[in-house]
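Please keep the structure in view while reading.

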Amino acid sequence: ENKDQKFVYDFTEGNKDLKDLLGGKGANLAEMTNLGLPVPPGFTITTEACKVYLESGSEPAALRDEVSAHLDALEQQMGKKLGQADNPLLVSVRSGAKFSMPGMMDTVLNIGLSDESVTGLATQAGDERFAWDSYRRLIQMFGKTVLGVDGELFEDALEEAKQAKGVTVDTDLEAGDLKKIVKHFKKIVSREAGRDFPQDPREQMDLAIKAVFDSWNTDRAKLYRRQERIPGDLGTAVNVCSMVFGNLGPDSGTGVAFTRDPASGHQGVYGDYLQNAQGEDVVAGIRNTVPLADLESIDKKSYDQLMTIMETLETHYKDLCDIEFTIERGQLWMLQTRVGKRTAGAAFRIATQLVDQGLIDEPEALQRVNGAQLAQLMFPRFDESAKTELLGRGIAASPGAAVGKAVFDSYTAVKWSRSGEKVILIRRETNPDDLDGMIAAEGILTSRGGKTSHAAVVARGMGKTCVCGAEELEVDTKRRRMTVNGTVIEEGDVVSIDGSTGKVYLGEVPVVPSPVVEYFEGRMHAGADDADELVQAVHRIMAYADRVRRLRVRANADNAEDALRARRFGAQGIGLCRTEHMFLGERREMVERLILADTDEERSAALEQLLPLQKKDFVELFEAMDGLPVTVRLLDPPLHEFLPDITELSVRVALAESRKDHNENDLRLLQAVHRLHEQNPMLGLRGVRLGLVIPGLFTMQVRAIAEAAAERKNAKGDPRPEIMIPLVGTVQELEIVREEADAVIAEVEAATGVDLKLTIGTMIELPRAALTAGQIAEAAQFFSFGTNDLTQTVWGFSRDDVEASFFTAYLEKGIFGVSPFETIDKDGVGSLVRSAVEAGRATRPDLKLGVCGEHGGDPESVHFFHEVGLDYVSCSPFRIPVARLEAGRAAA
Ligand code: ADP
Ligand code: MG
Ligand code: MG
């Protein structure tokens, strides 16, 4: 604590860039004050003061005097003293951190009222009802948020009073009723809080300020910060703002407004207004609000002023703002503004609208949108024009629109889906036993649990639609049904769930493709209706991104069809072509022969059979990606993956045995399966290790690639294959494989007379490879970081297991805010990537560097890869637009 440190800022002293110090609310109140807008005077206690309080357990020594000085000044300006008996100054005490945070303390209004000053207020306002209404609000809010009294006790008491009088809305309560309620409320406080409601106005204010500080460390606030990765030591600011009153009769009121439509981005009048009301009444839904446009006929002067102010704010913030305002007897007051939340579609439209209005430039427009929003726009969705029956609402846990028959257990989900039925798995909550059912289902619906629940985490990992925590649903697993507000849904009834909105519908809601995907696919162009307006905006933003980005974006694609789609989506090559699928299906038999081969002859014969098939695959792929690089990864997975399941095979052999019907091949297969069985296959015989122990396997693949490239060249094509060796841990492995590969390539070049210009590189997916990247670069012409495996091996996590087992606990405890398989772990895995980049480039300055794996399409990870200087990211075709956009945002 520094002696000269200033802990309190008058609203006239701050500005919008001081969010760290003054919190979002305080910084913007100051900004509006300095713009000359009508903001009730007040001051902000800094986050620094909060930090001192949290660290030392007491407020900074200087704070009390500083608050007193600012309060004095405020009293001077207002011409009345806090809580003064005959004419009280009243204030609100409002929390406001840098980021708005659920779990932080609610605002307390009307501080300064007491048994004495309530009469003063009544006289001054000439309205007794108003004064007592304000007082009962103070006791209620103060009791609940500062003294920790259960808020329902007050609500119940208020409800009782209304019932006793036979009225339904609080405005029908008269001064006399409110006096009685105040008495009752004070009793509740004394009983529940073990102390009387404080009558000293300054004590009220000080206690409220302290309560705001303390609310930084409630469990809810802490959990939220851990999950959102908000540092725990930022602290919150406290705003003390002189009260203005919207509850002074019909010429008063309070409202919220947006400077443009947060759903479409269109300019117009959007908001709600409530006459004769204070603060939270608008959002609390106690009485019905009217559309903001109606204010024009209620109070034309205030309405016009509000419109002018909104324009000022938009031009000033150069963005959509939301605002809170109050009208006190015809006088308009601004109580809050901030850059407002908006839907994904509106974000794109607003960004381009603002460019057209000349308010922002293109790089800034890129910062106004993000990849998560674009991804959201790319999911198919329910037809908004369809007639629907809404059953309930939960948390939008994993996006998408899923329709299917309700099933209430995993077993049925699997059974029904095997027979071709689409199912929605409905559970109270899921656990690892539900995994098969989750895989089989179109979507998952639970009645309990939040965004980090098992269902939500696993569904996101699988890319499956999920709505969780739909609390209105009563799921009865035993009777295979659920009840929602009286409606019974039996097993087999069709339901539709929207993982982007959390809505649950009865029956089948038609699904429509995303217009944005239609656009990327080339099936939709510019036009005039609403969807096309969005498409236009996306089109323009993508063009900005492509113009500035440095990272190239490639696709993970294994066949010509995916490659063509990836190209339409803007892929600049293939970063990962897995060759394992080329060994499946009807080719499995050949692979079995290869694995069972006892002699070199048998082995070569099997490889010989595979060669032309592989070659054909590559010819098609190179043609689809003509002129662009195609990185082909040689065979990676362990061999047992190509053999029959051990249990099935054992049963088959045993049955045959009992029938005395020997199948020599099955017996040999079973032996092979046993021989190849590994406890930890992911750490076993796979990748380059396979290439080194199965003679001819990798060279066959290299030959197929080389011959395919030669064939394409002879057909006047422009094939650009890059051969990638997986799971290398040491340069020696790579050297041996390279030597053999170079020999094969030379042979093909000699035989065809074509100069192939093939490059050979490696994946960096083991910690040892990253640590010895300098040596490996001697033998590799490129690196591709396989961050999936690298994450597994650096953390020692099995990706296939941990998401369903303990990740939920880890996320809930805030050990990480997001799965490291979703967003790259910068400190651990990322630092290995960074050092490998440096070491690799030190050895070979023109080393080409990329990343393949899920992280290549993850927004935050893309920024990291940009920053460490990779040349490209590679991701699934569907994620390409997201990667392009984020690469642009990283560079802008
Ligand atoms: P939140 O962050 O929950 O919006 P606020 O501090 O903005 O909390 O306040 C809650 C409500 O009280 C808002 O409607 C706000 O406009 C109103 N309010 C806050 N301070 C005052 C004041 N000084 N005079 C009148 N209304 C106020
Ligand atoms: Mg507010
Ligand atoms: Mg791998």
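## Helix H8

In helix H8, the buried residues are Pro 201, Gln 204, Met 205, Ala 208, Ile 209, Ala 211, Val 212, Phe 213 and Ser 215. A residue is buried if 20 or more other C-beta atoms lie within 10 Å of its own, exposed if 12 or fewer, and partly exposed in between, with C-beta atoms placed from the backbone. Helices (H or I, at least four residues) and strands (E, at least two) are DSSP runs, numbered from the N terminus.

Helix H8 covers residues 201-215, and at 1.5 Å a residue its 15 residues should span 21 Å; the end C-alpha atoms are 21 Å apart, which agrees. The expected span is 1.5 Å times one less than the number of residues in the helix.

## Basis of the model

The model is predicted: local features need pLDDT of at least 70, side-chain atom pairs count only at pLDDT 80 or more, and totals for chains, interfaces and linings use all residues. Residues are numbered from 1 along each chain as its sequence is written, while chains are lettered from A and ligands numbered from 1 in the order in which they are written.

## Overall architecture

The protein chain contains 36 helices and 31 strands. Its C-alpha atoms fill a box of roughly 105 × 65 × 60 Å along the principal axes. Of the 892 residues, 50% count as buried. Among contacts with a separation of 6 or more, 67% are between residues 24 or more positions apart; two residues are in contact if their C-beta atoms, placed from the backbone, lie within 7 Å.

The chain is divided into domain 1 (49-242), domain 2 (253-339), domain 3 (379-512) and domain 4 (549-638 + 678-891), with bounds that come from an automatic or database domain assignment. The C-alpha centres of domain 1 and domain 4 lie 61 Å apart.

Ligand 1 has 15 residues around it, of which Ser 92, Arg 94, Thr 107, Gly 279 and Leu 335 come nearest. A residue is near a molecule if its C-beta atom, placed from the backbone, lies within 6 Å of it. Strands E3 (91-97), E5 (236-242), E9 (321-328) and E10 (331-339) are the elements that give two or more residues to this shell.

Both domain 1 and domain 2 give residues to the shell, so ligand 1 lies between them. By class, the shell has six nonpolar, six polar and three charged residues. Here Ala, Val, Leu, Ile, Met, Phe, Trp, Tyr, Cys and Pro count as nonpolar, Asp, Glu, Lys and Arg as charged, and the others, Gly among them, as polar.

## Annotated region and positions

An unreviewed UniProt entry gives residues 536-887 the annotation "domain: PEP-utilising enzyme C-terminal". Over these residues the chain is 55% helix and 12% strand. For "binding site", the unreviewed entry lists Glu 765 and Asp 789. UniProt positions are given in the numbering used here, feature names are shortened, and annotations may be inferred rather than shown by experiment.

Glu 765 lies in the loop between strand E28 (759-764) and helix H29 (767-771) and is buried, with 26 other C-beta atoms within 10 Å. Beyond its neighbours within four places in sequence, Glu 765 is in contact with Leu 727, Gly 786, Asp 789 and Leu 790. Asp 789 lies in helix H31 (residues 787-795) and counts as buried, with 21 C-beta neighbours inside 10 Å.
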